[in-house]
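Have the viewer open and follow along.

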Amino acid sequence: MMLPTVLLFATLVAMLWFLKGDLLGYRRTKRLPDTASRQKTYRLWIAKAVIAFVLPAAAGLALLERLDALIMIPSEFDDLRMLLPRFEGDSRAFVLGIMGGGALAGLAIGAFLATRRNGRMLKPIGNVGSLLPRNRAEIANAAAMAIAAGIAEELAFRLFLPLLLALLSGSAIVAFCLSLALFGAMHRYQGWAGVIATTVVGALLTAIYLMAASLWLAMLVHALIDLNGLVIRPILAGAWRVSSSSASRS
């Protein structure tokens, strides 16, 4: 158990580093008036997510000789999966398509309806206003950040961290509960409302991953949720019609 313990310590250190930078970066973003600086911040967040989440997970899975977990759900999660419905067999592809398509359609419709109340975009849950793109140039960077978050965070919090914790504790239930708590804590910059909301979303993504035995579906749904908040809603609220020069003058 020495290797999983070392990997867990290194993973937690990386996450703590990311969280500290997240809090500082969000405060800094509030004070950034120009588009170029905000674009740089979006790109910095993506780079830090790769360093803190993707690289430790990829390296750790390789060291554990568990890279197959990227396409096959680990057997260490079976005790929790037994408590949930499973989508397997001939119907699995159909169910995955329905879930993916339903998530995409539902988020798009929800975002559209949210912007139609009194002609204004409803306030999102959590303190995320400073992250929302203000113009076309920022929208592209926000979209990239949303997709990167979906991939990096699911790899870390739905697979690698729970696997390490399950190996050490012998319980997938304990592993996913701890991982879910850390997932919510990583969004502390959003305030307590954001922490609670992301924890609930994390629980949903955990259920999707375990029931469908597909990390990629969880990544897709996560990315769609982030794209809904960071891209679709601002576009429908008019950010797409604003040029970068106009935003800098405002």
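What pattern does the protein chain follow, read along the sequence? The answer is α-α-α-α-α-α-α-α-α.

## Ground rules

This is a predicted model, in which local features need pLDDT of at least 70 and side-chain atom pairs count only at pLDDT 80 or more, while totals for chains, interfaces and linings use all residues. Residues are numbered from 1 along each chain as its sequence is written, and side-chain values use heavy atoms, with hydrogens and water left out.

## Overall fold

The secondary structure comes to 9 helices and 0 strands. Helices here are DSSP runs of H or I with at least four residues, strands are runs of E with at least two, and both are numbered from the N terminus. Of the 250 residues in the protein chain, 48% count as buried; buried means under 20% relative accessible area, exposed means over 50%, and partly exposed is in between (1.4 Å probe, protein chains only).

Helix 2 (residues 35-63) has 29 residues and reaches 41 Å from its first C-alpha to its last, close to the expected 42 Å. That expected span is 1.5 Å times one less than the number of residues. Helix 2 also has a kink of about 35° centred on Val 50, where the bend is the angle between axes fitted to the seven residues ending at a residue and the seven starting there. Ala 36 has its place in helix 2 and counts as partly exposed, at 48% relative accessibility. Ala 36 lies 8.6 Å from Glu 138, C-alpha to C-alpha, although the two are 102 residues apart in sequence.

Helix 8 has 22 residues and reaches 30 Å between its first and last C-alpha, close to the 32 Å expected. Helix 8 bends by about 45° at Asn 228, and is followed by Gly 238, whose phi is positive, near 110°.

## Aromatic pairs and charges over rings

Rings of Phe, Tyr and Trp (its six-membered ring) pair if their centres lie within 6.5 Å; planes under 30 degrees apart count as stacked, over 60 as edge-to-face and the rest as tilted. By this rule the count comes to 5 aromatic pairs. Why is the pair of Phe 53 and Phe 157 edge-to-face? The ring centres of Phe 53 and Phe 157 are 5.5 Å apart and the planes are at 65°, so the pair falls in that class. This pair links distant parts of the chain, with Phe 53 in helix 2 and Phe 157 in helix 5 (residues 136-169), 104 residues apart. Phe 53 is buried at 2% relative accessible area, and Phe 157 is buried at 1%.

Phe 157 also forms an edge-to-face pair with Phe 183, at 5.4 Å centre to centre and 65° between the planes. Here helix 5 supplies Phe 157 and helix 6 (residues 172-185) supplies Phe 183, 26 residues apart. Phe 183 is buried too, at 3%. Ring pairs link Phe 18, Phe 53, Phe 157 and Phe 183 into a cluster.

A charge sits over a ring if NZ of Lys or CZ of Arg is within 6 Å of the ring centre and within 35 degrees of the ring normal. The charged end of Arg 158 sits over the ring of Phe 183, 4.4 Å from its centre. Arg 188 lies over the face of Trp 192, at 4.5 Å from the ring centre.

## Nonpolar cores

A nonpolar core is a set of buried Ala, Val, Leu, Ile, Met, Phe, Trp, Tyr and Cys residues joined through side-chain atoms within 4.5 Å. The largest has 52 residues, and those with the most contacts inside it are Phe 53, Phe 77, Phe 157, Leu 159, Tyr 209 and Leu 230. Its largest share, 16 residues, comes from helix 5. A second, separate core of 5 residues includes Leu 205, Ile 208, Ala 212 and Leu 217.

## Positive phi in loops

Glu 65 has a positive phi of about 60° although it is not a glycine. Its place is in the loop between helix 2 and helix 3 (78-81), where Glu 65 counts as exposed at 69% relative accessibility. Ala 213, in the loop between helix 7 and helix 8, has a positive phi near 55° and counts as buried at 15%.
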